[in-house]
Amino acid sequence: MMLTLPKNQAHNQLRFAMSQDDEANIKKVADVLENGKFYLLVTHFNPDGDAVGSMLALQAVLKGMGKKVKSYCESGIPPTFRFLEGAQEVTNDPEEISHLEVDTVVFLDCGSIDRGGKKLLNFLDSSKLVVNIDHHVHEHPFGDVFWVKSSASSTCEMLFDIFHFMNISLTPPVSTCLYTGILTDTGSFQFSNTSQKVLEIAASLASSGAAPHKIAQQIFESCSPQKLLLLGKVLETLRYHKNYSIATARLTRKMLSETGASVHDGEGFVNMLRQVATVKVAVLFREDENGLIHVGLRSKGSVDVARFARQFGGGGHINASACRIDGQIDQVEAVIIPSLESYIDESEQSEGK
């Protein structure tokens with residue numbers, strides 16, 4: 001394997017206990033990354049920091065290995081994450097990738113294959129090897145080769161393990177991408193997925209060139225003026241349900257139009273609803289362009305909102321999930337809120353509370 005990346009001892013010295021299944025899956029993924037020639041990397045539309053960070057980290061590593069690489073995100077890279085090196089190389093134009101003779105398509109942070117976007121599905125055929133690396137809950141993982149680990153904090157954490165297995169030392173740009181994904185998917189190291197391993201990886205990435213204060217400044221202190229205007233309107237719709245245990249709010253197309261904000265400006269709003277002490281589940285109902293209502297869910301403790309979202313065709317993690325429902329926002333709220341109230345009751349009864 002030809003590598004042009006400089007050595008970094010901190011990364012190579014880390015050792016974590018790993019199951020035999022994980023080791024076997026990592027080896028399969030590593031074999032694909034070493035043996036292919038032309039890769040298309042894909043992450044989900046409306047990407048978060050983990051989606052962008054994992055795609056750009058793998059893009060840089062594969063290039064360092066002398067591979068041809070193209071990255072695709074159907075909705076483009078949000079302004080918040082365009083500081084990451086390689087972001088300008090990502091395309092959202094399906095025509096640009098339609099004639100590429102790639103041999104391998106790698107999906108990153110995609111809970112299902114359609115999360116890459118409907119336009120991409122026309123590009124996939126049996127001649128291309130499909131790889132799936134993800135940490136969302138999958139009942140039926142897709143791909144010819146896949147490593148799905150729902151207990152991982154992030155897809156970036158999984159890539160760290162893969163790069164470690166491949167003895168790839170990390171450059172500052174790659175470390176910055178991986179740190180960004182871990183930082184955002186752990187809620188700035190506040191969520192329950194912040195383990196000792198996660199903190200040790202973050203420290204290793206910092207020693208490899210990631211600058212935590214600069215990354216945090218880019219993500220949390222560089223929002224547009226329109227974002228706060230939008231937040232003000234969203235908070236005007238705040239409602240509590242079930243004795244303050246559920247908080248809901250709306251983000252409508254009219255709000256975006258009135259404030260001049262983009263849909264990306266609404267990222268993270270649902271996390272704010274969860275900050276209230278009594279709130280067990282926070283829900284943000286967002287009108288999307290395609291006539292669907294995006295239902296973002298965040299929870300605390302043992303309330304499994306991924307299982308709840310799967311009832312409506314969605315998915316995610318125990319404490320962070322989403323689904324998309326066809327209908328008007330009033331109609332969707334009228335279905336989701338009572339269903340969630342009953343779901344919380346049933347969950348607590350099963351736990352003997």
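**Figure 1. Glu258 is partly exposed in the predicted model, with a relative accessible area of 46%.** Lys254, at 58% relative accessibility, counts as exposed. The side chains of Glu258 and Lys254 form a salt bridge at 3.9 Å, N to O; the term requires a side-chain nitrogen of Lys or Arg within 4 Å of a carboxyl oxygen of Asp or Glu. Both residues belong to helix α11 (residues 253-259) and are 4 residues apart, about one turn of the helix. Helices (H or I, at least four residues) and strands (E, at least two) are DSSP runs numbered from the N terminus. This is a predicted model, in which local features need pLDDT of at least 70 and side-chain atom pairs count only at pLDDT 80 or more, while totals for chains, interfaces and linings use all residues. Residues are numbered from 1 along each chain as its sequence is written, and side-chain values use heavy atoms, with hydrogens and water left out.

**Figure 2. Asp22 and Lys149 meet in a salt bridge between their side chains (3.2 Å, N to O).** Asp22 is in helix α2 and Lys149 is in the loop between β5 and α6, so this pair ties together parts that are 127 residues apart in sequence. Asp22 and Lys149 are both buried. In the whole structure, the search finds 15 salt bridges.

**Figure 3. A network of salt bridges links Glu157, Asp161 and Lys197.** For Asp161 and Lys197, the closest N and O atoms are 2.7 Å apart. The pair links distant parts of the chain, with Asp161 in helix α6 and Lys197 in helix α8 (residues 196-207), 36 residues apart. Asp161 and Lys197 are both buried.

**Figure 4. Helices α6 (residues 155-165) and α7 (residues 172-185) cross at roughly 140 degrees, and their axes come within 8 Å.** Axes are lines fitted to C-alpha atoms, for helices over the stretch in contact, and angles run from 0 to 180 degrees between N-to-C directions. The two helices, α6 and α7, are therefore oblique to each other: angles under 35 degrees count as roughly parallel, over 145 as roughly antiparallel, 65 to 115 as roughly perpendicular, and the rest as oblique. From α6, the residues Cys156, Glu157, Leu159, Phe160 and Phe163 meet Val174, Cys177, Leu178, Gly181 and Ile182 from α7, contact meaning heavy atoms within 4.5 Å. The residues of this contact of α6 with α7 comprise 8 nonpolar, 1 polar and 1 charged. Here Ala, Val, Leu, Ile, Met, Phe, Trp, Tyr, Cys and Pro count as nonpolar, Asp, Glu, Lys and Arg as charged, and the others, Gly among them, as polar.

**Figure 5. Helices α2 and α6 pack at an angle of about 70 degrees, their axes being 10 Å apart.** Accordingly, α2 and α6 are roughly perpendicular to each other. Ile26, Lys27, Val29, Ala30 and Leu33 of α2 make the contact with Asp161, Ile162 and Phe165 of α6. Sorted by class, the contact of α2 with α6 has 6 nonpolar, no polar and 2 charged residues.

**Figure 6. Five strands form an open sheet with parallel pairing, in the order β2-β1-β3-β4-β5.** Strands pair if DSSP finds at least two bridges between them. At the edges stand β2 (68-72) and β5 (145-148), each with a single partner strand, so one side of each is left without a neighbour in the sheet. From one strand to the next, the twist averages 15 degrees. Within the sheet, β1 (residues 38-43) and β3 (residues 104-108) pair in the parallel sense over 5 bridges. Leu40 has Val105 as its bridge partner in β3.

**Figure 7. Helix α2 (residues 20-35) lies across β1, β3, β4 (129-134) and β5.** The helix α2 runs at about 135 degrees to β5. Helix α3 (residues 49-64) also packs on the sheet, where it touches β1, β2 and β3. The direction of α3 makes about 170 degrees with that of β1.

**Figure 8. Strand β11 (residues 320-326) pairs with β9 (residues 292-299) in the antiparallel sense over 7 bridges.** In this pairing, Leu297 stands opposite Ser321 in β11. Strand β10 (residues 315-316) is joined to β11 by 2 bridges, the two strands running antiparallel. Gly315 stands opposite Ala322 in β11. A hairpin is formed by β10 and β11, with 3 residues between them.

Conventions:
Buried means under 20% relative accessible area, exposed over 50%, partly exposed in between (1.4 Å probe, protein chains only).
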